[in-house]
Amino acid sequence: MGKDVIVACDFASAAETMAFLDKFTDCKPFVKIGMELFYAEGPQIVRQIKARGHKIFLDLKLHDIPNTVKKAMAVLSGLDVDMVNLHAAGTKAMMTAALEGLTRADGTRPLLIAVTQLTSTDEESMRSELWIDRPLDETVMHYARNAMEAGLDGVVCSPLESGKVHEACGAGFVTVTPGVRFADGDKGDQKRVATPAMAKEIGSDYIVVGRPITKAEDPVAAYRRCIAEFVG
Ligand code: C5P
(Lines give C-alpha, C1' and ligand atoms only; values in the text may rest on other atoms or scores of the structure.)
Protein backbone atom coordinates (compact mmCIF):
# COMPACT_ATOMS: atom_id res chain seq x y z
CA MET A 1 0.00 0.00 0.00
CA GLY A 2 1.54 3.32 -1.09
CA LYS A 3 1.67 5.83 1.74
CA ASP A 4 0.19 9.27 1.05
CA VAL A 5 -0.81 12.52 2.70
CA ILE A 6 -4.48 13.49 2.33
CA VAL A 7 -5.22 17.20 2.74
CA ALA A 8 -8.54 17.85 4.54
CA CYS A 9 -10.16 20.66 2.53
CA ASP A 10 -12.48 21.81 5.32
CA PHE A 11 -13.66 24.93 3.50
CA ALA A 12 -17.19 26.31 3.30
CA SER A 13 -17.26 27.05 -0.43
CA ALA A 14 -15.88 26.05 -3.81
CA ALA A 15 -14.30 29.49 -4.18
CA GLU A 16 -12.24 29.10 -1.00
CA THR A 17 -11.27 25.55 -1.94
CA MET A 18 -10.14 26.51 -5.43
CA ALA A 19 -8.16 29.48 -4.08
CA PHE A 20 -6.38 27.03 -1.77
CA LEU A 21 -5.75 24.41 -4.48
CA ASP A 22 -4.47 27.12 -6.87
CA LYS A 23 -1.42 27.44 -4.60
CA PHE A 24 -0.32 23.95 -5.62
CA THR A 25 1.17 24.63 -9.01
CA ASP A 26 3.52 21.68 -9.40
CA CYS A 27 1.91 18.92 -7.31
CA LYS A 28 -1.61 17.54 -6.93
CA PRO A 29 -2.30 16.53 -3.32
CA PHE A 30 -4.82 13.79 -2.48
CA VAL A 31 -7.72 15.83 -0.99
CA LYS A 32 -10.50 15.04 1.47
CA ILE A 33 -13.92 16.58 0.88
CA GLY A 34 -16.19 16.49 3.89
CA MET A 35 -19.88 17.01 4.53
CA GLU A 36 -19.72 20.80 4.83
CA LEU A 37 -18.24 21.40 1.40
CA PHE A 38 -20.18 18.59 -0.30
CA TYR A 39 -23.52 19.72 1.09
CA ALA A 40 -22.77 23.35 0.23
CA GLU A 41 -21.61 22.76 -3.33
CA GLY A 42 -23.02 19.37 -4.36
CA PRO A 43 -21.40 16.72 -6.55
CA GLN A 44 -20.06 19.39 -8.89
CA ILE A 45 -17.30 20.19 -6.40
CA VAL A 46 -16.06 16.60 -6.71
CA ARG A 47 -16.07 16.78 -10.52
CA GLN A 48 -14.24 20.12 -10.44
CA ILE A 49 -11.47 18.92 -8.13
CA LYS A 50 -11.18 15.62 -9.98
CA ALA A 51 -10.85 17.50 -13.29
CA ARG A 52 -7.85 19.31 -11.80
CA GLY A 53 -6.13 15.96 -11.39
CA HIS A 54 -6.48 15.36 -7.64
CA LYS A 55 -7.36 12.06 -5.98
CA ILE A 56 -10.39 12.45 -3.71
CA PHE A 57 -11.43 10.95 -0.38
CA LEU A 58 -15.14 11.74 -0.05
CA ASP A 59 -15.75 11.73 3.70
CA LEU A 60 -19.55 11.44 3.99
CA LYS A 61 -19.70 8.59 6.58
CA LEU A 62 -22.77 6.79 5.25
CA HIS A 63 -25.04 4.93 7.70
CA ASP A 64 -28.49 3.68 6.60
CA ILE A 65 -30.27 0.48 5.60
CA PRO A 66 -28.18 -1.72 3.26
CA ASN A 67 -30.24 -1.05 0.14
CA THR A 68 -30.07 2.73 0.55
CA VAL A 69 -26.33 2.68 1.21
CA LYS A 70 -25.74 0.40 -1.79
CA LYS A 71 -27.55 2.81 -4.11
CA ALA A 72 -25.90 5.89 -2.64
CA MET A 73 -22.47 4.27 -2.98
CA ALA A 74 -23.17 3.52 -6.65
CA VAL A 75 -23.75 7.26 -7.18
CA LEU A 76 -20.52 8.18 -5.35
CA SER A 77 -18.56 5.59 -7.32
CA GLY A 78 -19.89 7.19 -10.53
CA LEU A 79 -18.26 10.46 -9.38
CA ASP A 80 -14.92 8.66 -9.80
CA VAL A 81 -13.74 9.30 -6.24
CA ASP A 82 -10.80 7.30 -4.92
CA MET A 83 -11.87 6.68 -1.32
CA VAL A 84 -15.21 6.79 0.53
CA ASN A 85 -16.33 5.83 4.02
CA LEU A 86 -19.23 4.61 6.16
CA HIS A 87 -20.01 3.79 9.79
CA ALA A 88 -19.11 0.21 10.76
CA ALA A 89 -22.05 0.45 13.22
CA GLY A 90 -24.32 -0.01 10.20
CA THR A 91 -23.52 -3.77 10.37
CA LYS A 92 -21.70 -6.16 8.05
CA ALA A 93 -24.82 -6.43 5.87
CA MET A 94 -24.66 -2.69 5.24
CA MET A 95 -20.92 -2.83 4.58
CA THR A 96 -21.16 -5.64 2.01
CA ALA A 97 -24.07 -3.86 0.32
CA ALA A 98 -21.90 -0.74 0.15
CA LEU A 99 -19.12 -2.71 -1.55
CA GLU A 100 -21.58 -4.05 -4.12
CA GLY A 101 -22.87 -0.58 -4.84
CA LEU A 102 -19.37 0.83 -5.20
CA THR A 103 -18.10 -1.77 -7.65
CA ARG A 104 -18.18 -0.40 -11.19
CA ALA A 105 -19.09 -2.41 -14.30
CA ASP A 106 -15.38 -2.88 -15.07
CA GLY A 107 -14.73 -4.34 -11.59
CA THR A 108 -12.89 -1.29 -10.23
CA ARG A 109 -14.07 0.64 -7.17
CA PRO A 110 -12.93 3.35 -4.74
CA LEU A 111 -11.30 2.21 -1.49
CA LEU A 112 -13.96 1.71 1.19
CA ILE A 113 -12.99 2.70 4.72
CA ALA A 114 -14.99 2.28 7.95
CA VAL A 115 -15.38 4.67 10.85
CA THR A 116 -15.38 2.56 14.05
CA GLN A 117 -16.32 4.82 16.97
CA LEU A 118 -16.01 8.55 16.40
CA THR A 119 -13.24 10.10 18.47
CA SER A 120 -15.87 12.47 19.87
CA THR A 121 -17.54 9.46 21.58
CA ASP A 122 -15.97 8.58 24.93
CA GLU A 123 -16.39 5.41 26.95
CA GLU A 124 -18.89 7.02 29.32
CA SER A 125 -21.27 8.20 26.58
CA MET A 126 -20.83 4.86 24.78
CA ARG A 127 -21.97 3.07 27.93
CA SER A 128 -24.71 5.39 29.12
CA GLU A 129 -26.20 6.42 25.77
CA LEU A 130 -25.36 3.66 23.30
CA TRP A 131 -25.54 0.90 25.94
CA ILE A 132 -22.25 -0.63 24.79
CA ASP A 133 -20.64 -2.13 27.90
CA ARG A 134 -17.29 -3.20 26.42
CA PRO A 135 -14.24 -0.94 26.76
CA LEU A 136 -13.83 1.60 23.96
CA ASP A 137 -10.57 0.15 22.57
CA GLU A 138 -12.07 -3.36 22.39
CA THR A 139 -15.14 -1.98 20.65
CA VAL A 140 -12.99 -0.14 18.10
CA MET A 141 -10.98 -3.32 17.32
CA HIS A 142 -14.16 -5.41 17.10
CA TYR A 143 -15.69 -2.96 14.60
CA ALA A 144 -12.41 -2.96 12.64
CA ARG A 145 -12.54 -6.78 12.43
CA ASN A 146 -16.18 -6.61 11.30
CA ALA A 147 -15.14 -4.21 8.55
CA MET A 148 -12.34 -6.54 7.47
CA GLU A 149 -14.65 -9.56 7.48
CA ALA A 150 -17.16 -7.63 5.36
CA GLY A 151 -14.38 -7.11 2.79
CA LEU A 152 -13.67 -3.42 3.42
CA ASP A 153 -10.23 -2.00 2.75
CA GLY A 154 -9.54 -0.38 6.11
CA VAL A 155 -10.56 1.97 8.90
CA VAL A 156 -10.17 5.54 10.05
CA CYS A 157 -8.29 5.53 13.36
CA SER A 158 -5.80 7.47 15.46
CA PRO A 159 -2.21 7.15 14.25
CA LEU A 160 -1.51 5.77 17.73
CA GLU A 161 -3.87 2.84 16.98
CA SER A 162 -2.70 1.93 13.50
CA GLY A 163 -0.18 -0.64 14.77
CA LYS A 164 -2.87 -2.45 16.78
CA VAL A 165 -5.28 -2.38 13.83
CA HIS A 166 -2.64 -3.96 11.59
CA GLU A 167 -2.00 -6.65 14.24
CA ALA A 168 -5.72 -7.46 14.46
CA CYS A 169 -6.65 -7.13 10.78
CA GLY A 170 -3.42 -7.69 8.85
CA ALA A 171 -0.73 -5.48 7.36
CA GLY A 172 -2.72 -4.95 4.16
CA PHE A 173 -5.72 -3.51 6.00
CA VAL A 174 -5.48 0.22 5.42
CA THR A 175 -5.30 2.73 8.28
CA VAL A 176 -6.34 6.31 7.50
CA THR A 177 -5.32 8.55 10.36
CA PRO A 178 -6.28 12.13 11.27
CA GLY A 179 -4.92 13.81 14.39
CA VAL A 180 -1.55 14.68 12.84
CA ARG A 181 0.47 17.67 14.00
CA PHE A 182 4.02 18.89 13.46
CA ALA A 183 6.27 18.58 16.51
CA ASP A 184 6.54 22.38 16.71
CA GLY A 185 2.88 23.02 15.79
CA ASP A 186 -0.38 23.90 17.53
CA LYS A 187 -2.52 20.90 18.58
CA GLY A 188 -5.80 22.85 18.31
CA ASP A 189 -8.76 20.70 19.38
CA GLN A 190 -7.02 17.38 18.58
CA LYS A 191 -6.07 15.50 21.73
CA ARG A 192 -4.20 12.33 20.80
CA VAL A 193 -1.82 13.53 18.14
CA ALA A 194 1.22 12.19 16.33
CA THR A 195 3.73 13.85 14.00
CA PRO A 196 3.87 12.65 10.38
CA ALA A 197 7.14 10.85 11.20
CA MET A 198 5.57 9.07 14.22
CA ALA A 199 2.55 8.10 12.11
CA LYS A 200 4.92 6.57 9.57
CA GLU A 201 6.79 4.72 12.31
CA ILE A 202 3.61 3.26 13.84
CA GLY A 203 2.40 2.21 10.41
CA SER A 204 -0.34 4.58 9.17
CA ASP A 205 -1.03 4.10 5.47
CA TYR A 206 -2.58 7.53 4.90
CA ILE A 207 -2.45 10.58 7.14
CA VAL A 208 -5.27 13.13 6.93
CA VAL A 209 -3.94 16.62 7.62
CA GLY A 210 -6.13 19.71 7.75
CA ARG A 211 -5.23 22.87 9.63
CA PRO A 212 -1.45 22.29 9.85
CA ILE A 213 -1.54 22.71 6.04
CA THR A 214 -4.65 24.82 5.31
CA LYS A 215 -3.87 27.43 7.99
CA ALA A 216 -0.11 27.49 7.44
CA GLU A 217 1.51 30.66 6.22
CA ASP A 218 2.88 28.61 3.32
CA PRO A 219 0.51 25.66 2.75
CA VAL A 220 2.60 24.19 -0.06
CA ALA A 221 5.70 24.14 2.16
CA ALA A 222 3.67 22.55 5.00
CA TYR A 223 2.35 19.91 2.60
CA ARG A 224 5.87 19.18 1.36
CA ARG A 225 7.05 18.85 4.94
CA CYS A 226 4.31 16.27 5.60
CA ILE A 227 5.33 14.33 2.50
CA ALA A 228 9.00 14.47 3.47
CA GLU A 229 8.32 13.26 7.04
CA PHE A 230 5.65 10.68 6.20
CA VAL A 231 6.51 9.33 2.78
CA GLY A 232 10.21 10.12 2.87
O1 C5P B 1 -7.46 20.24 10.89
P2 C5P B 1 -7.19 18.82 11.29
O3 C5P B 1 -5.83 18.31 10.85
O4 C5P B 1 -7.49 18.53 12.73
O5 C5P B 1 -8.25 18.00 10.40
C6 C5P B 1 -8.44 16.63 10.52
C7 C5P B 1 -9.54 16.19 9.61
O8 C5P B 1 -9.85 14.83 9.91
C9 C5P B 1 -10.85 16.94 9.77
O10 C5P B 1 -11.49 16.96 8.48
C11 C5P B 1 -11.64 16.12 10.75
O12 C5P B 1 -13.01 16.24 10.60
C13 C5P B 1 -11.18 14.70 10.36
N14 C5P B 1 -11.30 13.70 11.43
C15 C5P B 1 -10.68 13.82 12.65
N16 C5P B 1 -10.82 12.84 13.60
C17 C5P B 1 -11.57 11.77 13.35
C18 C5P B 1 -12.21 11.63 12.13
C19 C5P B 1 -12.06 12.62 11.18
O20 C5P B 1 -9.96 14.78 12.89
N21 C5P B 1 -11.66 10.82 14.26
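**Exercise 1.** In this predicted model, find how much space lies in the second largest pocket and which residues line that pocket.

*Solution.* Start with the space: the second largest pocket holds about 160 Å³.

**Exercise 2.** Describe the largest pocket: what is its volume, and which residues are the closest to its centre?

*Solution.* First, the volume of the largest pocket is about 1300 Å³. Its lining is made of 43 residues, and Thr119, Ser120, Pro178, Gly179 and Gln190 are the closest to the centre. Now turn to the elements: among those that give two or more residues to this lining are strand 2 (30–34), helix 2 (35–41) and helix 7 (136–149). Helix 7 provides the largest share, with four residues.

**Exercise 3.** Work out how helix 1 and helix 3 pack: at what angle, and through which residues?

*Solution.* Begin with the geometry: helix 1 (residues 14–21) and helix 3 (residues 44–51) pack at about 15 degrees, and their axes lie 11 Å apart. Angles under 35 degrees count as roughly parallel, so helix 1 is roughly parallel to helix 3. The crossing of these two helices is right-handed. Then list the partners: Ala14, Thr17, Met18 and Leu21 of helix 1 meet Ile45, Gln48 and Ile49 of helix 3. By class, this contact has five nonpolar and two polar residues, with no charged ones.

Methods. Residues are numbered from 1 along each chain as its sequence is written. This is a predicted model: local features need pLDDT of at least 70, side-chain atom pairs count only at pLDDT 80 or more; totals for chains, interfaces and linings use all residues. Side-chain values use heavy atoms; hydrogens and water are left out. On a 1 Å grid over the protein atoms alone, a cavity is a set of points where a 1.4 Å probe fits but cannot get out, and a pocket is an open set with protein on both sides within 12 Å along at least five of seven lines; lining residues have an atom within 4 Å of a point. Grid points are joined across faces, edges and corners, and a volume is the space filled by probe spheres set on the points. Axes are lines fitted to C-alpha atoms, for helices over the stretch in contact, and angles run from 0 to 180 degrees between N-to-C directions. Angles under 35 degrees count as roughly parallel, over 145 as roughly antiparallel, 65 to 115 as roughly perpendicular and the rest as oblique. A crossing is left-handed if the near helix is turned anticlockwise from the far one by less than a right angle, and right-handed if clockwise. Contact means heavy atoms within 4.5 Å. Ala, Val, Leu, Ile, Met, Phe, Trp, Tyr, Cys and Pro count as nonpolar, Asp, Glu, Lys and Arg as charged, and the others, Gly among them, as polar.
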